[in-house]
Amino acid sequence: MRTHTVFPDEFPESWASDWGEDEYGIFMGFTYKGVRQDFRWIEPGSFQMGSPADEPERYDYETRHEVTLSRGFWLADTCVTQALWEAVMGENHSRFQGTNHPVENVSWEVTQAFIARMNEMKAALRLCLPTEAQWEYACRAGTSTPFCFGEGITPNIVNYSGRYPYHNGSEGKYRKQTVEVGSLPPNAWGLYEIHGNVLEWCQDWFGEYGAAAQVDPKGPEEGSRRVLRGGSWYDSGGHCRSAYRYGNGPSYHGDNFGFRLARGL
C-alpha cells in the first residue's frame, strides 16, 4: 500500500468522471465517448536519474545525477489506446490493430495534434506529454534497480524481444507485436507496461545529461530528436531499463512508438 504524504491541490477535479484510491494510490478517470482513461497521482520527490556506472548494458549518456521534482503530477496509468485515439482523431494507422492495444505508428508531432484536440474539447484537462525526468521518476516508483521490478525481467511481466534477454538472462517468448494495455503487471505506483510494449514519447529534446543536481528539468531548449523511453515489443531487455534513453526526429513514426499522457500544472 502506498502511503500519501502530499495530496494534490484539487481532488477530485471538475473533469474527472470518477475517482478513488486503491493499493497503488489515488486516481482520477475521465471518459470520452465511452472510452475511459485513468490518471495516477505521482507525488513530488527526489531520485537518482540515469544509471550507475556498474549497471550492465548501460550507455554513457545515462550519467547519473540527482533530480528533484518539486510538484506532484498526474500520469496516465496506460499508454493511449487505439480506442481513445479513434474517438478523438477519427482514424487509426496502427499496425497491430486492437481496441485496447496501444496506438502506435504515431510521431511526436502527431501526438501534439491529439493533445491539442483533447485540450480544445475540455481545457481543464491540461494534457501534455511527461518530461523525461517525470517519466523516469514515475517508472522507477522508488526503485534504483535497472527495472522497477528489480534486477531483471522476463516476458511474463514485460513485452520485449525475449530473443535478447538482459544481462545473462534466459531467452524467452518474443511476441512480435504489442499486447493490450493493462494486461501485464503494473509497477508499484499502478502504471502498466511502463517497460516494453511501445516506446513512449516524452516532451523533451534529446540531450546530454550533466552530473549536477537539477530541479524540475525540462531538457534542452532545442534539438533535432525528441526523447522516447521504456523500450518496446521489438527491443532487447536492456533497452527496456528504467534509465535507457532513445531519441528520434519529431516527425518519425514507427510500429513500436506510442505515448502516455500527463497533466500539466
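Guide: Buried means under 20% relative accessible area, exposed over 50%, and partly exposed in between (1.4 Å probe, protein chains only). This is a predicted model, in which local features need pLDDT of at least 70 and side-chain atom pairs count only at pLDDT 80 or more, while totals for chains, interfaces and linings use all residues. Residues are numbered from 1 along each chain as its sequence is written, and side-chain values use heavy atoms, with hydrogens and water left out.

Visitor: Is W15 buried or exposed?

Guide: W15 is buried, and F39 is buried as well.

Visitor: How many aromatic pairs are there?

Guide: The whole structure holds 19 aromatic pairs. Rings of Phe, Tyr and Trp (its six-membered ring) pair if their centres lie within 6.5 Å; planes under 30 degrees apart count as stacked, over 60 as edge-to-face and the rest as tilted.

Visitor: Why is the pair of W15 and F39 edge-to-face?

Guide: The planes of the two rings stand at 75 degrees, with the centres 5.9 Å apart, so W15 and F39 form an edge-to-face pair.

Visitor: And what about W85 and F259?

Guide: Their ring centres are 6.0 Å apart and the planes are at 80 degrees, so this pair is also edge-to-face. Both W85 and F259 are buried.

Visitor: Which residues form a cluster through ring pairs?

Guide: Y59, Y61, F206 and Y244 are linked into a cluster that way.

Visitor: New topic: what does L261 touch?

Guide: Beyond its neighbours within four places in sequence, L261 is in contact (heavy atoms within 4.5 Å) with residues including F39, L75, F114 and C128.
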